[in-house]
Amino acid sequence: MTVRMENNFVDYVDLFDVAVETLETAPRRLFEKLMGVLLKKYHEEEIELQRLALEIDDMHVLPVDDLDEFYDTILDAVDDVKLFKKKLESIKKKEPLFQDLYEQMDALHTALLHYMDRMGQLEIRLMDEQKLSA
């Protein structure tokens, strides 16, 4: 997973690895700032997914051209989140900010699944509407 930060793409996992290293080798303040960036970006992504899921309820056309690609992309993101959570699993008890990040990743995981579910509901609703109008 990547996040766009000031026109640069930063890999979340790489930034996390830097944060882990910072915890052990740098001033606490730097570690807290890095973790704050990670937590904020993941939270923003979660909020955006929740917003998109809510918008789907009012749609009468599919907002994507290729549903298979949409589902593949979301499932890839879900897998990435699950892998990242697994990485956090071993260290979340070591530091409260790691626990916070684990909980945020869990919320992001839920938001991804909810968004995918809402798209599936829209797809079914549109098929039902087509059947009724035919």
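Guide: E129 has a relative accessibility of 35%, so E129 counts as partly exposed. Here buried means under 20% relative accessible area, exposed means over 50%, and partly exposed lies in between (1.4 Å probe, protein chains only). The model is predicted, so local features need pLDDT of at least 70 and side-chain atom pairs count only at pLDDT 80 or more, while totals for chains, interfaces and linings use all residues. Residues are numbered from 1 along each chain as its sequence is written, and side-chain values use heavy atoms, with hydrogens and water left out.

E129 belongs to helix α4, residues 96-133. Helices are DSSP runs of H or I with at least four residues, strands are runs of E with at least two, and both are numbered from the N terminus. The C-alpha atom of E129 is 51 Å from that of V18, and 111 residues separate the two along the chain. D128 also lies in helix α4. Its relative accessibility is 40%, so D128 is partly exposed.

Next come the pairs of opposite charge. A salt bridge is a side-chain nitrogen of Lys or Arg within 4 Å of a carboxyl oxygen of Asp or Glu. By this rule there are eleven salt bridges. One of them joins E95 and R28, at 2.8 Å from N to O. This pair links distant parts of the chain, since E95 is in the loop between α3 and α4 and R28 is in helix α2 (residues 28-56), 67 residues apart. E95 has 6% relative accessibility and is therefore buried, whereas R28, at 40%, is partly exposed.

K40 and E44 form one, with 3.4 Å from N to O. They are four residues apart in helix α2, which means a separation of about one helical turn. E44 has a relative accessible area of 34%, so it is partly exposed. R51 and E48 form another salt bridge, at 2.3 Å from N to O. Because R51 and E48 are three residues apart in helix α2, about one helical turn separates them. Both are partly exposed, R51 at 37% and E48 at 34%. Shared partners also connect salt bridges elsewhere, joining R28, E32 and E95 into one network.

Helix α3 brings in K85. At 12% relative accessibility, K85 is buried. Contact means heavy atoms within 4.5 Å. Apart from its neighbours within four places in sequence, K85 is in contact with Y102, M105, D106 and H109.

E69 is also part of helix α3, residues 67-89. Together with D65, D66, D68, D72, D76, D79 and D80, E69 makes up a patch of negative charge on the surface. Patches consist of residues with over 30% relative accessible area and no salt bridge; like charges are joined within 9 Å, and nonpolar side chains (Val, Leu, Ile, Met, Phe, Trp, Tyr) within 5 Å. Asp and Glu count as negative and Lys and Arg as positive, while His and the chain ends are not counted. The place of a charge is NZ of Lys, CZ of Arg, CG of Asp or CD of Glu. Accessible areas come from the Shrake-Rupley method with a 1.4 Å probe, and for residues only the protein chains shown count as cover.
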